[in-house]
Amino acid sequence: MTTTPNSPATGAPPLRIRGLRAGYGTRVILDGVDLYVPAGEIHVVLGGSGCGKSTLLRAATGLERPWAGSVELFGEPLDWTQGRPADESFLKIGVLFQGGAMISSLNVEENVALPLRIHYPDLPRAALRELAHLKLQQVSLDGAGLKMPGELSGGMRKRAGLARALAADPALLFCDEPSAGLDPVTSRGLDDLLLELRETLGITMVVVTHELDSIRAIADRITFLSTGKVIFEGTLEEAASGPEEVRDFLNRQPSSPGTASADVIAFHLES
């Protein structure tokens, strides 16, 4: 595998979460969660509605301050002591938001270039356009740069969102329900793209999904959350003899094509 430009030189894992406790008001959502994701792995986080997946991703991406515990990105803990962690903490990560989260007033090329404009404000406009074009080629959206988000299909919006998540060459990619709402053929195409990107870029991925076909296609290991706790961590093969709740989840009938998940992660795109 090749390494991405933002890959750190140290041997620290891309993501390590220890004793994470978080919630809203007086309600505990996560209670002592540990998560370890080594380099190059596609790690899938799953569980029923309300189990804490959204809160876990919000904490890992710096959108939610945990009550206790720590989140380390490439060996560096997120520091909340002075408020929200500094932007530099997130230069090595990208986020594919559910639905793509395109800004409707910007065309696709401008959406993809947005992280570069934020992190590298001195880049010339021509360089931004060229880099955005390269990222769109990477996700098989060559020629779509001047389209507006409303002109894209659901699958194209997901790919455009993925291009934006990859814009700054992150070493760690978080994906929020990447296949939700897509037909089986489009969903499988997106799964194949994630696998291809992992192989060509050496990128590590943390994916939240409820789609069984996607879980089986892309997961190296899974973490299963239930009522705010990790009740299983391991491979799908190991899950076959895991807790009954995990086995029931993985053996359920797949959802109908195009059905969106009830577990909508309330991310808000922040510049």
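**A walk through the helices**

The chain holds eight helices and 10 strands. Helices here are DSSP runs of H or I with at least four residues, strands are runs of E with at least two, and both are numbered from the N terminus. The model is predicted: local features need pLDDT of at least 70, side-chain atom pairs count only at pLDDT 80 or more, and totals for chains, interfaces and linings use all residues. Residues are numbered from 1 along each chain as its sequence is written, and side-chain values use heavy atoms, with hydrogens and water left out.

Start with the whole chain. Of its 271 residues, 50% are buried. Buried means under 20% relative accessible area, exposed means over 50%, and partly exposed lies in between (1.4 Å probe, protein chains only). The chain exposes about 12,400 Å², and carbon and sulfur atoms supply 50% of that area. These areas come from the Shrake-Rupley method with a 1.4 Å probe; for residues, only the protein chains shown count as cover. Now look at contacts, meaning heavy atoms within 4.5 Å. Take those between residues at least 6 apart in sequence: 70% of them join residues at least 24 apart.

Next, find helix α2, residues 108-119, and helix α3, residues 125-138. Their axes come within 9 Å and cross at roughly 110 degrees. An axis is a line fitted to C-alpha atoms, for helices over the stretch in contact, and angles run from 0 to 180 degrees between N-to-C directions. Angles under 35 degrees count as roughly parallel, over 145 as roughly antiparallel, 65 to 115 as roughly perpendicular, and the rest as oblique. α2 and α3 are therefore roughly perpendicular to each other. Their crossing is right-handed. In a right-handed crossing the near helix is turned clockwise from the far one by less than a right angle; in a left-handed one it is turned anticlockwise.

Which residues of α2 and α3 meet? From α2 come Val 108, Glu 109, Val 112, Ala 113, Leu 116 and Arg 117. From α3 come Leu 128, Arg 129, Leu 131, Ala 132, Lys 135 and Leu 136. By class, this contact of α2 with α3 has eight nonpolar, no polar and four charged residues. Nonpolar covers Ala, Val, Leu, Ile, Met, Phe, Trp, Tyr, Cys and Pro; charged covers Asp, Glu, Lys and Arg; the others, Gly among them, are polar.

α2 also packs against helix α4, residues 154-165, at an angle of about 30 degrees, with the axes 7 Å apart. That makes α2 roughly parallel to α4. The crossing of these two is right-handed. On the α2 side, the contact uses Val 108, Asn 111, Val 112 and Pro 115. On the α4 side, Ala 160, Ala 163 and Arg 164 take part. The contact of α2 with α4 has five nonpolar, one polar and one charged residues.

Move on from α4 to helix α5, residues 184-201. The two pack at about 15 degrees, with axes 10 Å apart. α4 and α5 are therefore roughly parallel, and they cross in a right-handed way. Gly 155, Lys 158, Arg 159 and Leu 162 of α4 meet Thr 186, Gly 189, Leu 190, Leu 193, Leu 194 and Leu 197 of α5. By class, the residues of this contact of α4 with α5 divide into five nonpolar, three polar and two charged.

Now for the backbone. Most residues other than glycine have a negative phi. Ser 140 is not a glycine, yet has a positive phi of about 60 degrees. Ser 140 sits in the loop between α3 and α4. Is Ser 140 buried or exposed? At 57% relative accessibility, Ser 140 counts as exposed. Asp 169 also has a positive phi, near 55 degrees. Asp 169 lies in the loop between α4 and β7 (172-176). With a relative accessible area of 25%, Asp 169 is partly exposed.

Last, return to α3, where His 133 lies. His 133 is partly exposed, at 35% relative accessibility. The C-alpha atoms of His 133 and Ala 167 are 9.9 Å apart, although 34 residues separate them along the chain.
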